[in-house]
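Good morning, and thank you for coming. Please look at the sequence and the structure on the screen while I speak.

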2 protein chains.
Amino acid sequence: MPEGNQVHLIKAAFLKVLAHPLRLRILELLGQKEQSVGQFAQMLSVDQPTVSRHLGILKQGGLVTTRQDGASVIYRLQNEETVQLLQQLTELLKRKLQVDQELLKSVEES
Amino acid sequence: MPEGNQVHLIKAAFLKVLAHPLRLRILELLGQKEQSVGQFAQMLSVDQPTVSRHLGILKQGGLVTTRQDGASVIYRLQNEETVQLLQQLTELLKRKLQVDQELLKSVEES
DNA sequence: CTCCTATATTCGCATATTAGCATATAACGA
DNA sequence: TCGTTATATGCTAATATGCGAATATAGGAG
């Protein structure tokens, strides 16, 4: 692990990779099973070049690996850790949004 | 919790708030103790308007709250959960980078 | 080799993010 | 009130990110 402020650059870069709705959707699907580019494009209703580009970003970020299967390229998770982190993020937001809603209610009631 | 693809928008927005080196540094400091804008600016060697802007982004993202103290504004964490999540991210990256280094070595040796 | 399918890349354009400077606003003390 | 300190906001230029359309590349079948 590099030291000093470099760490924050690395962390920020990693978070940046995650911070896109489509990439989150892709990772969610990848948590269930590996898939080809075309399959993602179809399941997500997004055009092929866009999916390819985002998969490329995930790959460059070290989140996924690829395997050639005929003319197709199969993408899979490099490991499960990132998905676990995202699940914890989900829980965090679930709680946070609940709190926000309660705050909103208490404001309305007053 | 909103449903469907909205969730990914919310998650991405939250991650986007985190995905900046300076904001990560600020959160790290905030994990230790609350502070004023000027104190952050000094500790981080960043000019005041920049710090103020990033603190504003954190506030709007629901990560921090503010309290007036004389002419100063004290920023503090809204809760500890986000910092915990970031610590898990740290662990994740620590392992990931270790693996990468080993991969690099094994490539060099072959 | 040729065609077809699957994937990746490039380009152009619109939008978003950021830092730095100047300036506005707010709180306080004399 | 006036001056000082602390914070926030407008503005601009530079950079980054995003998408869609067209194009390039790679693999397999015949």
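Two strands count as paired if DSSP finds at least two bridges between them. Helices (H or I, at least four residues) and strands (E, at least two) are DSSP runs, numbered from the N terminus.

Some notes on conventions come next. The model is predicted, with local features needing pLDDT of at least 70 and side-chain atom pairs counting only at pLDDT 80 or more, while totals for chains, interfaces and linings use all residues. Residues are numbered from 1 along each chain as its sequence is written, chains are lettered from A and ligands numbered from 1 in the order in which they are written, and side-chain values use heavy atoms, with hydrogens and water left out.

I begin with the sheet of chain B. Strand 1 of chain B is joined to strand 3 of chain B by 2 bridges, and the two run antiparallel. Within this pairing, Gln35(B) has Tyr75(B) of strand 3 as its bridge partner. Between strand 2 of chain B and strand 3 (residues 72-77) of chain B there are 6 bridges, again in the antiparallel sense. Along that pairing, Val64(B) has Leu77(B) as its bridge partner, and Thr65(B) stands opposite Arg76(B). Strand 2 and strand 3 of chain B form a hairpin with 2 residues between them. In the turn, Gly70(B) has a positive phi of about 65°.

In what order do the 3 strands of chain B lie in the open sheet? The order is 1-3-2, with antiparallel pairing. Strand 1 (35-36) and strand 2 (64-69) of chain B are the edge strands, each pairing on one side only. Helix 2 (residues 21-32) of chain B packs on this sheet and touches strand 1, strand 2 and strand 3 of chain B; here contact means heavy atoms within 4.5 Å. The direction of helix 2 makes about 85° with that of strand 3 of chain B. For such angles, axes are lines fitted to C-alpha atoms, for helices over the stretch in contact, and the angles run from 0 to 180 degrees between N-to-C directions.

Let us turn to chain A. Its 3 strands form an open sheet in the order 1-3-2, with antiparallel pairing. The edge strands of chain A are strand 1 (35-36) and strand 2 (64-69). Strand 2 and strand 3 (residues 72-77) of chain A pair over 6 bridges, and Gln68(A) stands opposite Val73(A) in strand 3. Helix 2 (residues 21-32) of chain A lies across strand 1, strand 2 and strand 3, at about 85° to strand 3 of chain A.

How are the two chains related? A rotation of 180° with 0.0 Å of shift along its axis superposes chain B on chain A, with an RMSD of 0.0 Å. That is the relation of a two-fold axis. The superposition is by least squares on the C-alpha atoms of residues with pLDDT of at least 70 in both copies. Of the interface residues of chain B, 100% are also interface residues in chain A, so the copies meet through the same surface.

My last topic is the DNA. A residue is near a strand if one of its heavy atoms lies within 4 Å of it. DNA strand D is surrounded by 22 residues, and the closest are His54(A), Gly38(B), Ser52(B), Arg53(B) and Tyr75(B). By class, this surface has 7 nonpolar, 10 polar and 5 charged residues. Ala, Val, Leu, Ile, Met, Phe, Trp, Tyr, Cys and Pro count as nonpolar, Asp, Glu, Lys and Arg as charged, and the others, Gly among them, as polar.

Of the atoms of DNA strand C within 4 Å of the protein, 73% belong to sugar or phosphate and the rest to bases. Helix 4 of chain B gives the most to the surface near DNA strand C, with 4 residues.
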